[in-house]
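Here is a short briefing for a first look at this protein. Start with the overall picture, then move on to single strands and residues.

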Amino acid sequence: MSILGTRVLRTEDPGFLTTGGVYTADVADERLTGACHVFFVRSPVAHARIRSVDVSAALGAPGVVAAFTGADLDGLPLLAPPMPMLNERMGQPLLARGTVRFVGEPVAVVVTEHVYQGEDAAELVGADYDPLPPVLDPAQAADGLGGLLFPEAGTNVAASFGDEAGLRADLFDGCDMVVSRTIVNQRIAPAPMETRAAAAVWGEDGRLTAWVPNQGAQGTRDSLAELLGVDPASIRVITPDVGGAFGAKFGADPEHAVVCWVARRLGRPARWTETRSENLVAMAHGRAQRQSITIGGSRDGAVAAYRLEILQDAGAYLRFGAFLPALTIMMAPGPYAFGRAEAVAKAVVTNTTPVGAYRGAGRPEATAAVERAIDLFAAEIGMDPAEVRRKNLLPKFNEPHTTAFGAVYDSGDYAAALEKALSAAGYQGLREEQARRRAAGDVVQLGIGISCYVEITGPGMEAGGPRENATVEVHPDGSATILTGTSPHGQGHATVWAMLASDELGIPVDRITVKWGDTDLIPEGGGTGGSRSLQQGGAAVQQASRELIELARQRAAAELEASPADLVFDGVRGAFAVAGDPRASVPLAKLADGERLVTRSVFRAPGPTFPFGTHVAVAEVDTETGKAVLRRMVTVDDAGTVINPLLAEGQRHGGIAQGAAQALCEEVIYDADGNPLTASFADYPFLSATEVPSFELADMATPTSYNPLGAKGIGEAGTIGATPAVQNAIIDALTHLGVRHIDMPASPQRVWQALRSVPGSRPA
Ligand code: MCN
């Protein structure tokens, strides 16, 4: 019987729960003996010309080995924008040269014998700045009137998407009702438990070995090679345990490259682990979109047209954030069959932390916009928001469906997901309870928020379609090893990849070792992001295992002196036998005795897959204090065939909590001078397990034909669906009082202000 689809416990957990993980800061490799420690001196101002950086006093401080500024790194390339379509004149020097563009930008490093000496020595670095006006507001950045971050570029616009001039004047013609609103999808911090880190050593052979917490060692190797101006073949990246990444640990940041450069310059291993405050101001942030939505249709609930205009704050230098609008536009109409839809975007630089990929990267923003638009429309026409969704969802389809924005949805049944979620939530009963509280004028009102979503997982730019490789080897002792190009950091690939191989090879899960994250061992791989791993990396493991059985069949035929076609593989016993003569058999392990029994396989997908679902959030809002509390979260997240429900549910749980946190409390804030006000966990709140209700997960599985597993991605779905459901629930609690919108996060202050700003409301 197949173990696929069963709740196999995570094989990773006994280690994490007993001896604990080995993170980059814990790596005790002997090559790192005597390592020096790198501490970054960061800009305290958002925008300034650097007059001078003087490290001479720091050089005399206890334990200081060396100190370097941008001038020392002259000749190294800039961190280039990650996509060719982004403005190439907005690159970032590894240490600032001439100008600083955000608080937290690395300006210099001090290198010390002991880790604790760095912070003190850094105080002695004298940097002189000529302040420039900070450009903080994306709208002002777009018009360039407040100043330019890169005068040589002549603009603050990093990229434009779609033709703004080509927006149709007649888009909303014939609509009974048109609603417009500008909403903010606020900037948030990925805040992984493990901050960024690196450890680096150059060998006598001139090769660099770098330990970096990352989402794909191969991509990190290639980024380091580019930043250091060396051949990728001269770099080995090793990935220790990674304490969360959420999209923000792909590739390499300037700091990682500087640590490697210091190790080379000093001829000595070097290490770095950033502090929590550094992480909150200098690791790429997420989201940061201002969205103008317009929706129009008839009073019977049919939406005829939808427009989305996006202003993306890319931060001071170009990371993936500048490209996010491309994904937001692709997913703009979500699961709906709007008659007409348009979307355009602009990404601009501002004097703030660069914006990058953060769980969902571009898709949560699309869902948030359209789900708010539907609710605004429903409120104006006075129709139940569930009913408006019912009227506009795309009908079920089994053959790929191409949208007006060029996305090819593989399979979907959006209406079924909606009905399932509504029924699991007891929607009718909730509306009755809401009506009762409204009629009674209760202080604490009830809100029900719905969010229907479809998202893209496993996108790939590779020619020939997204792909991933896997190597499977069976050893003479009956155990097996898998090498994968994916890079788990909490997703449990060691468990699921072993399940997939076990299912084909008949080797128990606990006898299969899964390895990743060492570029000398696995030179190629796409890493883990975009919820691509199972559908591409997992499919590659299954494919390699099947090919291994065929290779073994040839050897078994020779061993048993039978024709390969007459052999059957018994997956329970892990042995080949001659059909009709079970005594003539040979175990798989024996066939590995001598020549290695190993196959490497590349799985190519025809394209990305499009998971979907519906979230229903129930919130209580105190109309006197503005305090909103999430009471229930009911979700349907259809990721096709589920291989391990325990892990898929874990992904949903984490994703929902993160998504709800964006709606309720998370926000990166700057003051008027560009100083970050949320540089510690005292000021940057997120939700922990004690602050969320127990999630109610309903099952639904619409398989995809794009891989033999039938699986789509689940890693980001929770985040994508939850945010608008929670936001809509909070607003829904107050619609009868005239409230139509509250920007996220719905802090008590914001909710209270929204109530007070309704015309005719009681004065404060
Ligand atoms: N799975 C399954 N059946 C499915 C889909 C997935 O059993 N139909 C299982 C997979 O086998 C895997 C897990 O669920 O064990 C997630 O698989 P998948 O959806 O392929 O996503 P990835 O493994 O590619 O993970 C990436 C995704 C992303 S993009 C972010 S961001 C994110 C996330 O995963 N960051 C995380 N989850 C995270 N979880 C933790 N703990 N830490 C992070 O940083």
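The protein carries 63 positive and 89 negative side chains. The centres of these two sets lie 3 Å apart. Keep in mind that this is a predicted model.

**Overall build**

- The protein contains 18 helices and 28 strands.
- A compact globule of 764 residues would have a radius of gyration near 27 Å, and the protein has 27 Å, so the two agree.
- The C-alpha trace spans about 90 × 75 × 50 Å along the principal axes.
- Of the 764 residues, 59% count as buried.
- Take the contacts with a sequence separation of 6 or more: 79% of them join residues 24 or more positions apart.
- The accessible surface comes to about 28,200 Å². Carbon and sulfur atoms account for 53% of that surface.

- Strand E9 covers residues 197-202 and is mostly covered, with 6 of its 6 residues buried.
- In a regular strand, side chains alternate between the two faces of the sheet.
- On one side of E9 sit Ala197, Ala199 and Val201, and on the other sit Ala198, Ala200 and Trp202. Both faces are covered, and these residues are all buried.
- E9 pairs with strand E12 (residues 270-273) in the antiparallel sense, over 4 bridges. Within this pairing, Arg271 in E12 is the bridge partner of Ala199.
- E9 is also joined to strand E10 (residues 208-211) by 4 bridges, and these strands run antiparallel. Here Ala200 stands opposite Ala210 in E10.
- E9 and E10 form a hairpin with 5 residues between the strands. Gly206 takes a positive phi near 80° in this hairpin.

**An open sheet of 3 strands**

- This sheet has the order E4-E2-E6, and its pairing is antiparallel.
- Its edge strands are E4 (99-100) and E6 (126-131), each of which pairs on one side only.
- Strand E2 (residues 48-54) runs antiparallel to E6, and 6 bridges join the two.
- In this pair, Ala48 stands opposite Pro131 in E6.

**Residue to find: Val629**

- Look for Val629 in strand E27, which covers residues 628-638.
- Val629 has 25% relative accessibility, so it counts as partly exposed. The range for that class lies between the under 20% of buried residues and the over 50% of exposed ones.
- Leaving out residues up to four places away in sequence, Val629 touches Val618, Ala619 and Glu620.
- Val629 and Pro138 are 491 residues apart in sequence. In space, the two are 31 Å apart, C-alpha to C-alpha.

**Residue to find: Ser487**

- Ser487 lies in the loop between strand E20 (480-484) and helix H13 (493-505).
- Is Ser487 buried or exposed? Its relative accessibility is 2%, so Ser487 counts as buried.
- Neighbours within four places in sequence aside, Ser487 is in contact with Asn214, Gln215, Gly216, Thr239, His493, Trp516, Gly527 and Thr528.

Technical notes:
Residues numbered from 1 in each chain as written. Predicted model: local features only at pLDDT ≥ 70, side-chain atom pairs only at ≥ 80, totals over all residues. Heavy atoms only, no water. Rg over C-alpha atoms; globule rule 2.2 N^0.38 Å. Buried < 20%, exposed > 50% of the residue type's maximum accessible area, 1.4 Å probe, protein only. Contact = heavy atoms within 4.5 Å. Areas by Shrake-Rupley, 256 points an atom, 1.4 Å probe, with all protein chains shown as cover. Lys, Arg positive; Asp, Glu negative; His and termini not counted. Charge placed at Lys NZ, Arg CZ, Asp CG, Glu CD. Pairing = 2+ DSSP bridges.
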